Amino acid sequence: MEFVICQNTQCPEKYICLNAECYQVEKKQIQCYQCLTKYHLSKNKVVKHVDDFIELEQFINEIKKKQIRRNTFIQMIIQQALDFSKNKIQEVQLSRNADLIKNATEKIEGETIKLLKFLTSTYLEQKFTFPYQNSFHVFYVKFFFEDENKYQEDSKSQLTTLFSQIEKYMQSLDLDIRTTIKRSQQKLEVLEKQVTQFSKQSLYNKFLLLLLILLFPYLFYLQSNQFEILSFERQQGLTTQRQDQLQQDVLNLKDNFNLLEQQHQYLLINQTGDIQALNQTVTQVIDSIQKLKLRFDTFKQSYTLNLEKDKNNFQSQVEAIQNNLTQFLNSEFDLRSKIQEISSMLQLQNFKKEQIKSVSAQQIQVKKEQKKKLKKIIDYIEEENVMRKIIQLKNYVYTLLNFRHLIKIHLHLPKNNLKGFELIYDELFNKPILLQTMASIQQMVFKHDRDNPLLCLGGLSIMSLEIIDLIACDFANDMFRPTFDSQKAIKSTHGNIYWYQVQEQSFGFAPNESINLLLCDDQDEKSEYRLSYWYNIKTLSGGRRLGMNLSLENSIEYRLQIYLLNPPFQ
């Protein structure tokens with residue numbers, strides 16, 4: 001990732017602040033570390049929100065990782081919804097009812113598509129892009145702090161709602177199948193009664209038809225031999241009454257024959273219609289039974305799938321219970337072991353108490369002796385501290401009485417004015433001063449707690465080593481005081497010297513509080529009373545201002561020196 005170089009510090013602008021007071025303000029969010037620190041510097045010289053500083057590259061990488069996790073989870077939810085919808089549509093398609101299949105498929109697909117649109121618009125469509133753009137900064141930060149559990153629980157809840165709606169709809173379809181089964185059973189019972197009744201009527205009609213067929217030759221014979229019978233009866237001497245009776249019998253038989261013939265024709269016609277109606281009814285019954293069988297098979301398959309799911313869930317619950325029981329037994333075993341350990345420890349403690357009681361008298365005597373020795377040591381330390389404070393105060397008073405005239409900024413000061421001083425640092429201007437360098441110098445200065453000796457900081461040309469071109473003398477606490485403002489120095493408590501020490505920029509002194517640290521002090525270029533040296537910058541360079549000479553970067557013609565006044569009282 002490429003970064004813009006700050007015009008003030010020449011450092012890459014790659015830091016942002018994630019505090020709400022900062023990212024909600026419409027301003028330039030990406031800054032270098034020095035400018036971001038300066039912007040957050042309070043009146044009390046305390047850097048605010050320092051725990052919320054983060055590099056831009058790390059910030060963007062975390063957002064990308066979070067986005068990948070979200071997209072993966074939502075895609076998983078979408079796939080589960082699609083699989084569930086597909087399974088339910090396959091169950092519906094087992095039915096032979098085209099309207100039922102169409103309506104159920106549209107219902108299931110409509111509910112599923114509604115969920116997919118919600119998940120896509122809510123969680124997959126982001127309001128920011130990559131690479132980073134300052135106009136989307138608020139959206140980046142809100143996404144960075146967003147709780148991942150919230151969208152996971154919400155999407156799971158939406159998926160559960162979809163499952164519940166489709167399951168209720170499928171249950172309503174199952175209720176329709178049961179109603180159809182009941183109605184079909186009732187129709188089948190009525191049909192069985194009709195078939196039974198028709199079968200009885202058919203037997204009766206067949207019996208009449210058989211009787212008619214048996215009587216038909218006899219009746220034909222009677223009709224053909226009617227006159228022969230009459231003549232024969234006359235010949236036999238039958239009376240007229242007998243003839244009339246026989247004639248009447250013949251006529252009755254004819255009427256019965258005609259009636260039977262009519263019934264025969266009627267039965268043939270009606271039996272044909274009944275047989276056709278019966279065939280049509282039987283065909284409808286067979287179709288209804290086949291449809292009923294298909295629906296029953298569909299219902300059975302769906303019930304079998306649900307039964308398998310319930311069985312798997314039951315097995316998983318049984319396994320979970322077994323695992324919990326195993327864990328419980330292990331916990332019980334561990335608890336018993338701990339109880340035994342505690343019992344043994346209590347026994348050991350009781351034993352130790354008995355031993356302590358037995359030697360308590362000796363220990364009390366030893367403790368008394370130790371307290372006496374400790375008191376002597378404390379008294380000695382306090383006495384030493386009092387003596388050290390007295391020595392420090394005597395050195396401070398001695399310095400003020402004898403070297404008060406040196407506490408200011410000097411031009412062209414001869415070295416013989418620094419009698420009693422020790423040279424503790426002497427390097428060319430090309431030597432960088434880092435944190436560890438400053439720490440080693442301060443170790444030589446502050447040998448004891450609360451020491452505050454007199455120091456002199458200056459620079460000179462290698463061409464005149466006996467004359468110091470520019471030097472300022474002051475007490476160490478004023479000279480080494482850390483500062484944070486790149487435009488204001490702190491006045492000394494003992495003279496008209498203004499000191500500054502800003503990390504990753506520079507340290508030095510000035511005749512007034514106005515400074516301009518563009519890594520080094522460039523304020524008032526014509527002033528001879530300013531010394532500014534780079535401090536802990538990343539370029540590992542030395543220099544660069546001594547008086548009006550502002551271009552002593554990595555110079556080998558000038559030296560930086562620090563002198564320490566040897567304390568007269570030790």
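**Local features of the predicted model**

Lys 372 lies in helix H8, which comprises residues 240-403; helices (H or I, at least four residues) and strands (E, at least two) are DSSP runs, numbered from the N terminus. The structure is a predicted model, in which local features need pLDDT of at least 70 and side-chain atom pairs count only at pLDDT 80 or more, whereas totals for chains, interfaces and linings use all residues. Residues are numbered from 1 along each chain as its sequence is written, and side-chain values use heavy atoms, with hydrogens and water left out.

With a relative accessible area of 57%, Lys 372 is exposed (buried means under 20% relative accessible area, exposed over 50%, and partly exposed in between, with a 1.4 Å probe and protein chains only). Lys 372 belongs to a positive surface patch formed together with Lys 367, Lys 368, Lys 371, Lys 373 and Lys 376. Patches are made of residues with over 30% relative accessible area and no salt bridge, like charges being joined within 9 Å and nonpolar side chains (Val, Leu, Ile, Met, Phe, Trp, Tyr) within 5 Å. A salt bridge is a side-chain nitrogen of Lys or Arg within 4 Å of a carboxyl oxygen of Asp or Glu.

Arg 450, in the loop between helix H9 (435-445) and strand E5 (454-461), has a positive phi near 70° although the residue is not a glycine. Arg 450 is exposed, at a relative accessible area of 60%. A positive phi of about 65° is likewise found at Glu 504, another residue that is not a glycine. Glu 504 is placed in the loop between strand E8 (498-502) and strand E9 (505-510) and is partly exposed at 23% relative accessibility. The peptide bond from Gly 543 to Arg 544 is cis, with omega near 25°, and Arg 544 is located in strand E13 (residues 544-546).

Two buried residues were also considered. Phe 507, in strand E9, is buried at 6% relative accessibility. Beyond its neighbours within four places in sequence, Phe 507 is in contact (heavy atoms within 4.5 Å) with residues including Ile 433, Met 438, Leu 457, Trp 534 and Leu 560. The C-alpha atoms of Phe 507 and Cys 520 are separated by 8.1 Å, the two residues being 13 residues apart along the chain. Thr 9, in the segment before strand E1 (15-17), is buried at 10% relative accessibility. Leaving aside neighbours within four places in sequence, Thr 9 contacts Cys 32, Gln 34, Cys 35 and Leu 519.

How values were computed. Areas by Shrake-Rupley, 256 points an atom, 1.4 Å probe, with all protein chains shown as cover. Lys, Arg positive; Asp, Glu negative; His and termini not counted. Charge placed at Lys NZ, Arg CZ, Asp CG, Glu CD.
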